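Reader: I would like to learn how to read a structure like this, one feature at a time. Please give the general idea before each case.

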Amino acid sequence: TTFPEQCSVILTGAASSRGIGRATAHYLAERGWSVGIIDLDESAAQAVAAEVAEAHGVTAAGAGANVADEAQVRAAFDALEPQLPQLVALVNLAGVSSADPYLEVTPDEWNRVIGVNLNGVHYATRRAVETMTANGVGRVVSMSSISAQRGGGTFSKTAYSAAKAGVIGFTRSVARELGRHGVTVNAIAPGPIDTDIMGGTLTEERKSTMAADGVLGRIGTPRDVAAGIAYLISEDAGYVTGQTLNIDGGTYMH
Ligand code: NAD
């Protein structure tokens, strides 16, 4: 289960300018990873890939796909893999928020949120681990949320909490099945992170309320999460699997 000399990571949901994914792509490229990016918006994915390659001198490539559509996900991996060194890690970041209260949630909204946040994690993971198990080494990290662990209490409501809780169960079960193939599978549960996912509702006032929920007196940055991802996909994290790492400023302690 040692890593090859050249390693690639594919990130889903890494094209938004202030998102966790783009920050993570830079953070990982700075540490020598070649980078593949899959996002809804193909030209944005390619633009972030070009920017990462330029800034850090690594190979990078982007592809467009809706992660809720398995055929699109498989086509994106098929397009990216030949352009990159060996695929060692997958980071599932593609996600959507959903502020609809439970009593108002429609079937379409429910299915949209589960489709992207849970099915999307399954489709990308399923495809990536085909390569990883064939090579006998791999790392998968998926974004859950403290919303899954403490019953909402965040911008997003029940559909989101259910999908993100699903990510934790998925992570544990796939970790158990794939450990003998040299593949580790972990989740990250971020607390409030300063990105645009809350659709412009993250005002300064809202930031201080959310900061007061934790014990460090601030909300998180994309870099806080990127550093946790870098650890979990590192060669040195080979004895860590099935875990959920909270990066939440002490908002949820367990
Ligand atoms: P963001 O909105 O900046 O990034 C989400 C990315 O996913 C965007 O690039 C978007 O284009 C992409 N995306 C959305 N739907 C997609 C689809 N169907 N197919 C492909 N790509 C799609 O948000 P972010 O805050 O960087 O969130 C990244 C991840 O972290 C998400 O899974 C989110 O749920 C999770 N998370 C965020 C926070 C937070 O406070 N920001 C907290 C907990 C968990």
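Reader: Is Glu235 buried or exposed?

Author: A residue is buried if 20 or more other C-beta atoms lie within 10 Å of its own, exposed if 12 or fewer, and partly exposed in between, with C-beta atoms placed from the backbone. Glu235 has 12 other C-beta atoms within 10 Å, so Glu235 is exposed. This is a predicted model, in which local features need pLDDT of at least 70 and side-chain atom pairs count only at pLDDT 80 or more, while totals for chains, interfaces and linings use all residues. Residues are numbered from 1 along each chain as its sequence is written.

Reader: Where does Glu235 lie, and which residues does Glu235 touch?

Author: Helices (H or I, at least four residues) and strands (E, at least two) are DSSP runs, numbered from the N terminus. Glu235 is in the loop between α8 (222–232) and β7 (244–247). Two residues are in contact if their C-beta atoms, placed from the backbone, lie within 7 Å. Not counting residues up to four places away in sequence, Glu235 touches Thr2 and Phe3. Glu235 is also 97 residues from Gly138 in sequence, yet their C-alpha atoms are 9.2 Å apart.

Reader: Why does Ala49 count as buried?

Author: Ala49 counts as buried because 27 C-beta neighbours lie inside 10 Å. Ala49 sits in helix α2 (residues 42–56). Its contacts, leaving out residues up to four places away in sequence, are Val35, Ile37, Ala60, Ala61 and Gly62.

Reader: Which residues have the most contacts inside the largest nonpolar core?

Author: In soluble globular proteins, nonpolar side chains tend to be buried together. A nonpolar core is a set of buried Ala, Val, Leu, Ile, Met, Phe, Trp, Tyr and Cys residues joined through C-beta atoms within 7 Å. The largest one here has 74 residues, and Val9, Val35 and Ile37 have the most contacts inside it. Helix α4 (residues 107–135) provides the largest share of this core, nine residues. Val9 touches Leu28, Trp33, Val35, Val88, Ala89, Val91 and Ile233, again not counting residues up to four places away in sequence.

Reader: How many residues surround the ligand?

Author: A residue is near a molecule if its C-beta atom, placed from the backbone, lies within 6 Å of it. Here 25 residues surround the ligand, and the closest are Gly13, Gly19, Gly95, Thr195 and Ile197. Ala, Val, Leu, Ile, Met, Phe, Trp, Tyr, Cys and Pro count as nonpolar, Asp, Glu, Lys and Arg as charged, and the others, Gly among them, as polar. The shell divides into 14 nonpolar, nine polar and two charged residues.
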